[in-house]
Each structure stands twice: as C-alpha cells, then as structure tokens.
Amino acid sequence: FEQNETHLFSNIFKEHNYFKACSIPTVKMSLNYSDYSEYISNLRSGYRRQIQHSLKKAGISNFKFEFEVGPKHNSDTEFSIISLKEYGVEKFYNLYLNVLDRAEVKLETLNQEFFEQLSKDESSTVQLLRMCVKDQDLGVFAFSIRKEELTFIWTAKAASKDKYHSYQNL
C-alpha cells in the first residue's frame, strides 16, 4: 500500500500485532484503456502473443472484459469479480497457502484471521477476480481499484500450472 493508504487497514493490522516494515513490492497498473481489447493492442507484440496464447489454451476467443461485478462467460471458462466474503475466506486462504507452499522464498504469511477481518471491513476495496472452468475453480486474483488504478495484491491458486494457463489469464 502507498504511504497515504496504510490507514485503510491499520486497525486490522494493529489488532493482530502486525507492524509496518519493508516487504513485497506493490504492482500497480493505470486503467486508462476503454476495454480489454485496447489494453492488449497497446502491449508490445511479444507480450500480446503470450497473452493470446494463454487465452487460446483456456479456450477463450474474442474475450471482452470490464471491471464490473458478475460473471463473464466464454465457452466453458468463466471469470467473475466477487468479494472475499462471497468467495469464502477459508477457501481463499487455502489457495493462498498453496501458492506460499510452492514459493522458493517465503517473505511473509498472513494468517486466516487477517483475511476474515478484511472480509468484514466495510471500507475495504479488495475484490477477487475468479477464474473457473466447468465450475471448477482454477484460482483467484485479489486486487483493488482506486482512482483509475488497479493494485495487484495476491494470487491464490490450487495448482502451480494447469492446461488453461490460469496464472497468466488471471
């Protein structure tokens, strides 16, 4: 979080004896594109090819996506934006731990209670992008949008790789 944004979660952190320290870098992206197609067309050709290959692996063609709550269908693949509470804290936490268990370097692990408190916090802007195929969850990507800027927070996935390239597609 940016220095001026830490107050948004400070109570949750303090209640669970967290303290401020240098950590994983924050990744942000400006949302100055009218739609997903415009975003893709503005990428360098190498990145564009990788994304198009990943979408093809997931059986997705002519993909359109807007940051609105609700499902987005394309063949058997579905993307939806939902809240952490709606998705289920325990379900998210187990996928989050799967990712951490596979990490070569473990910097920090948030506990399940942190995510439970986050899901109850009315001021939280954290949302999840969920990817599933035939009702099977492949993973979720936690993010926040403020002032036309998307902040990447966490990725939680069951498997490190799958035939649908879910990591790249999330």
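## The position of L8

In this predicted model, L8 lies in the segment that precedes helix α1, which spans residues 10-15. L8 is partly exposed, because its relative accessible area is 25%, and buried means under 20% whereas exposed means over 50%.

Although L8 and S123 are 115 residues apart along the chain, their C-alpha atoms are separated by 7.3 Å. When residues up to four places away in sequence are not counted, L8 touches D121, S123 and R146.

## The chain as a whole

The protein chain contains 7 helices and 6 strands. Along the sequence, these elements follow the pattern α-β-α-α-β-β-α-α-α-β-β-β-α.

Of the 170 residues in the protein chain, 38% are buried. Among the contacts in the chain with a separation of 6 or more, 56% are made by residues 24 or more positions apart.

## The pair of helices α5 and α6

Two packed helices are described by the angle between their axes and the distance between the axes. For helix α5 (residues 89-102) and helix α6 (residues 112-120), the axes come within 10 Å and cross at roughly 135 degrees. The helices α5 and α6 are therefore oblique to each other. The crossing of α5 and α6 is right-handed.

On the side of α5, the contact is made by V89, E90, F92, Y93 and Y96, while α6 contributes Q112, F115, E116 and S119. Sorted by class, the contact of α5 with α6 has 5 nonpolar, 2 polar and 2 charged residues.

## The nonpolar cores

Which residues have the most contacts inside the largest nonpolar core? They are F92, Y96, F115, L118 and W154, in a core of 21 residues. At least two residues of this core come from each of α4 (84-87), α5, α6, β4 (126-133), β5 (136-146) and β6 (149-157). Helix α5 gives the most to this core, with 6 residues.

Y96 belongs both to the contact of α5 with α6 and to the residues with the most contacts inside the largest core. Leaving aside residues up to four places away in sequence, Y96 touches E108, T109, L110, F115, W154 and A156. A second, separate core has 14 residues, including L31, I60, M131 and V133.

Conventions. Residues are numbered from 1 along each chain as its sequence is written. This is a predicted model: local features need pLDDT of at least 70, side-chain atom pairs count only at pLDDT 80 or more; totals for chains, interfaces and linings use all residues. Side-chain values use heavy atoms; hydrogens and water are left out. Axes are lines fitted to C-alpha atoms, for helices over the stretch in contact, and angles run from 0 to 180 degrees between N-to-C directions. Helices (H or I, at least four residues) and strands (E, at least two) are DSSP runs, numbered from the N terminus. Angles under 35 degrees count as roughly parallel, over 145 as roughly antiparallel, 65 to 115 as roughly perpendicular and the rest as oblique. A crossing is left-handed if the near helix is turned anticlockwise from the far one by less than a right angle, and right-handed if clockwise. Contact means heavy atoms within 4.5 Å. Ala, Val, Leu, Ile, Met, Phe, Trp, Tyr, Cys and Pro count as nonpolar, Asp, Glu, Lys and Arg as charged, and the others, Gly among them, as polar. A nonpolar core is a set of buried Ala, Val, Leu, Ile, Met, Phe, Trp, Tyr and Cys residues joined through side-chain atoms within 4.5 Å. Buried means under 20% relative accessible area, exposed over 50%, partly exposed in between (1.4 Å probe, protein chains only).
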